Amino acid sequence: MERYICIHGHFYQPPRENPWLEAIEFQDSAYPYHDWNERITAECYAPNAASRILDTQNWIVQIVNNYSKISFDFGPTILSWLEEKAPEVYRAILEADQESQKNFSGHGSALAQAYNHVILPLANRRDKYTQVLWGIRDFEHRFRRKPEGMWLPETAVDLESLDILADLGIKFTILSPHQASRARRIGGRAWRDVSGGAIDPTTAYELRLPSGRKIALFFYDGPISRAVAFERLLAKGEDFANRLLGVFREERDWYELVHIATDGETYGHHHRHGEMALAYALNYIGSNNLAHLTNYAEYLEKCPPTYQVEIFENTSWSCVHGVERWWSDCGCNSGGHPGWNQAWRTPLRDALDWLRDMLAPAYEEKGRQFLKDPWAARNDYIKVILPRSPENVKHFLAEHAIHELNEPEKIMVLKLLELQRHAMLMYTSCGWFFDDLSGIETVQVIHYAGRAVQLAQEIFGDATESQFIERLGQAKSNFPDHGDGRQIYEKFVKPAMVNWERLGAHYAISSLFEIYPEQARIYCYKADREDYQSFEAGKSKLVMGRVKLTSEITHEFSVLSFGVLHFGDHNLNGGVKELLGEEEAYQALVREAAEPFSRADFPEVIRLIDRRFGESNYSIRSLFRDEQRNILSRILESALSEAEAVYSQLYENHAPMMRFLTDLRIPLPRAFHAAAEFVLSARLRRALGAEEIDMERIGVLLEAARVEGVALDTDTLEYAFRQNMNRMAEQFLDHPTDLVSFQRLETAANLVQRLPFRLNLWKIQNIYYKMLERVHPEFRTKAEQGEEAARAWVDRFVALGEKLRVRVP
């Protein structure tokens with residue numbers, strides 16, 4: 001009998017965007033990365049797109065795209081981020097699905113996923129339908145085909161959700177073996193109890209739904225999946241492969257499918273180098289013809305179900321109690337905080353359910369003033385999101401509006417639909433998964449609720465917020481400092497809310513430090529400059545201006561006037577207000593502010609800003625987080641330059657003494673040690689980041705650090721040199737015949753083994769391997785035909801590969 005193996009990875013990150021900016025802001029907990037998406041991409045999503053297969057000497061013999069050989073699903077929320085922030089990885093995922101269609105009888109390996117990972121059994125039917133439909137539409141938009149399977153968030157299942165999947169054309173999904181209740185041969189009469197994970201996972205099963213529809217179910221191998229996720233089976237790729245192969249049994253009278261399912265992040269993020277174990281196992285099985293690698297859709301076509309199954313409803317793969325983890329204090333948690341409780345889960349869900357149910361009739365009533373069917377419009381709103389453009393909005397409204405809408409009516413419709421989008425985003429499963437109400441994932445879903453509340457108050461003019469936070473206050477944090485949901489809302493959500501004045505303040509203040517074009521983009525807003533005047537006096541600067549800000553999401557806009565006085569460091573004072581009267585009044589204000597500024601009467605300028613712009617007073621604290629950090633970094637540059645000059649003088653004057661003390665093994669005075677560390681690290685950082693690598697200079701600096709016993713800032717040095725080598729490798733890829741680029745990369749590679757830190761060569765090796773496949777064969781052919789220049793290029797290229805530990809056949 002034929003033997004088949006399928007490995008499924010569920011790749012997912014919750015939406016992390018600030019709901020008012022539609023962008024992820026800096027997340028300290030993800031350091032040294034900007035945010036958790038970026039970190040997990042570096043540790044998992046990118047490595048799986050270019051995974052190494054090593055030989056016995058740990059040299060690279062092959063770089064492969066794991067996605068093309070496994071079954072996988074990627075959440076729409078992480079795919080939209082990858083498309084913008086990591087386009088190479090995004091393309092690799094799409095290309096893998098296309099490649100898998102060639103490998104697996106025309107069946108792509110990618111599965112769809114419910115849109116923002118809502119626990120479907122806990123959702124109402126209307127939200128279930130939209131979540132599944134949006135997941136399908138997002139998949140079709142990206143993968144350019146219809147999905148055959150869909151991953152259920154947390155494999156949380158009920159018959160209604162499965163019926164919606166089947167109704168929308170989904171052929172199969174994947175469940176935990178513990179979710180199977182009983183099974184029998186199709187056409188048979190006797191059911192067999194398979195509860196407790198006793199179902200045989202090596203075949204597909206048919207589930208007959210109350211509606212008369214059918215859907216195929218695959219129950220993954222629980223023990224192996226658990227070993228991969230939690231028992232370090234990925235420590236060795238060959239062990240992983242043999243564990244899979246060990247499941248096959250001669251006595252089974254069907255084509256066996258050994259398959260597992262885990263979080264995709266297992267391969268690299270949860271287990272470092274897990275993607276390499278995966279690549280090795282797949283290669284080991286495939287190259288030795290030990291089994292056929294397949295995906296679910298291909299297996300289903302070749303081996304339709306011969307068994308029927310029934311399931312336990314309201315169950316999942318990550319809560320032994322069913323789906324209680326997402327609404328009650330069931331005892332499931334991370335295990336990292338003994339003594340804590342998760343009693344907050346129930347009042348949080350109750351508050352969100354109240355908000356959803358209160359908004360639904362109001363949305364429907366208001367929506368019917370403009371839309372033929374508000375709920376059908378919500379289902380179709382995904383067409384506006386993918387991607388957002390005026391043209392998509394135009395087509396959408398032409399299909400759903402009851403008449404041609406004017407601009408205020410269009411804005412109202414878009415705000416209504418955004419209200420509904422955030423009313424679904426607030427149910428993202430991670431909000432309940434972890435341990436405390438104040439956790440980053442839980443605060444995120446409360447942010448989405450806050451945005452829905454804000455839109456509701458703008459549209460309906462009611463007291464939604466006060467009623468919502470009263471209910472939210474019933475949820476208690478385990479941290480006394482955070483108190484309850486009301487306090488968390490006030491502490492974390494309210495400060496994140498954006499209004500026109502705050503957006504205008506961000507534009508005005510940041511304009512002091514960067515030159516905006518006439519039309520700029522600030523997150524999901526367009527900024528059209530109508531006037532901008534700048535006055536300088538020494539280090540101080542005054543800017544006055546007027547800007548039109550337009551939301552790319554709802555199309556609403558506001559025209560604001562602003563004035564900001566900057567004192568030359570981090571101190572500034574600014575005011576913003578919606579348009580101050582007519583053009584003449586605005587110009588009069590500019591003249592009125594310029595006069596005292598010209599004579600350096602800054603207190604009078606401040607009084608004028610306060611008087612004309614009201615009580616709103618803005619400073620660097622008012623900037624959105626990323627820009628705040630960027631601007632503070634610029635302000636600090638001059639201070640750091642001054643510090644480096646002082647440290648350099650101290651170091652140069654006392655370097656001989658420092659070396660003498662080190663030679664005598666006498667500890668350096670703290671001031672000397674700090675000066676040496678600062679100066680040598682700064683000089684090395686510049687040398688390693690230079691276009692031309694000065695080996696002699698770097699050698700001298702490294703020797704000085706060694707002799708003086710200085711601990712260098714190796715993290716910063718590694719980053720600087722890695723970025724520089726990446727640029728060199730990209731230049732060489734773009735211009736392989738450019739011997740200058742080649743020489744620069746060779747020089748840098750010669751330095752790698754001499755550095756007192758390990759360099760991350762991942763991207764450089766990827767580029768080299770790409771050239772090995774695409775460029776090297778052409779030069780090798782020319783070399784074999786007797787071209788001396790080509791022979792020299794090949795020899796140097798092979799030598800470069802040795803330095804990068806890439807085996808050249």
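Author: Let us begin with the terms: helices (H or I, at least four residues) and strands (E, at least two) are DSSP runs, numbered from the N terminus, and two strands pair if DSSP finds at least two bridges between them. This is a predicted model, in which local features need pLDDT of at least 70 and side-chain atom pairs count only at pLDDT 80 or more, while totals for chains, interfaces and linings use all residues. Residues are numbered from 1 along each chain as its sequence is written, and side-chain values use heavy atoms, with hydrogens and water left out.

Reader: In which sense do strands β2 and β3 pair, and which residue of β3 is the bridge partner of I53?

Author: Strands of a sheet pair through backbone hydrogen bonds, either parallel or antiparallel. Here β2 (residues 51-54) and β3 (residues 60-64) are antiparallel, with four bridges between them, and I53 has Q62 of β3 as its bridge partner. Five residues lie between the two strands of this hairpin, and N58 takes a positive phi near 65°.

Reader: What is the order of the strands in the six-stranded open sheet?

Author: The order is β7-β11-β10-β14-β8-β9, and the pairing is mixed. Because β7 (172-175) and β9 (192-193) are at the edges with a single partner strand each, one side of each has no neighbour in the sheet. Within this sheet, β8 (residues 180-185) and β14 (residues 307-311) run antiparallel and are joined by five bridges, with A183 standing opposite V309 in β14.

Reader: Which strands does helix α5 lie across?

Author: Such packing is read from contacts (heavy atoms within 4.5 Å) and from axes, which are lines fitted to C-alpha atoms, for helices over the stretch in contact, with angles from 0 to 180 degrees between N-to-C directions. Helix α5 lies across β7, β10, β11 and β14, and runs at about 115° to β11.

Reader: How many salt bridges does the structure hold, and which residue meets E160 in one of them?

Author: A salt bridge is a side-chain nitrogen of Lys or Arg within 4 Å of a carboxyl oxygen of Asp or Glu. The structure holds 56 salt bridges, including that between E160 and K128, at 2.7 Å from N to O. This pair links distant parts of the chain, since E160 belongs to helix α5 (residues 159-167) and K128 to helix α4 (residues 125-143), 32 residues apart.

Reader: Is K128 buried or exposed?

Author: Buried means under 20% relative accessible area, exposed over 50%, and partly exposed in between (1.4 Å probe, protein chains only). K128 is buried at 3% relative accessibility, whereas E160 is partly exposed at 30%.

Reader: Where does R213 lie, and which residue does R213 pair with?

Author: R213 forms a salt bridge with D167, with 3.2 Å between the closest N and O atoms. R213 lies in the loop between β10 (205-208) and β11 (214-219) and D167 in helix α5, so the pair ties together parts 46 residues apart in sequence.

Reader: How many cavities are there of 30 Å³ or more, and what lines the largest cavity?

Author: Rolling a probe the size of a water molecule over the atoms shows where empty space is left. On a 1 Å grid over the protein atoms alone, a cavity is a set of points where a 1.4 Å probe fits but cannot get out, and lining residues have an atom within 4 Å of a point; grid points are joined across faces, edges and corners, and a volume is the space filled by probe spheres set on the points. There are six cavities of 30 Å³ or more, and the largest cavity holds about 90 Å³ of space. Its lining includes P14, R16, T428 and Y448, and helix α16 (residues 440-460) gives the largest share of that lining, five residues.

How values were computed
On a 1 Å grid over the protein atoms alone, a cavity is a set of points where a 1.4 Å probe fits but cannot get out, and a pocket is an open set with protein on both sides within 12 Å along at least five of seven lines; lining residues have an atom within 4 Å of a point.
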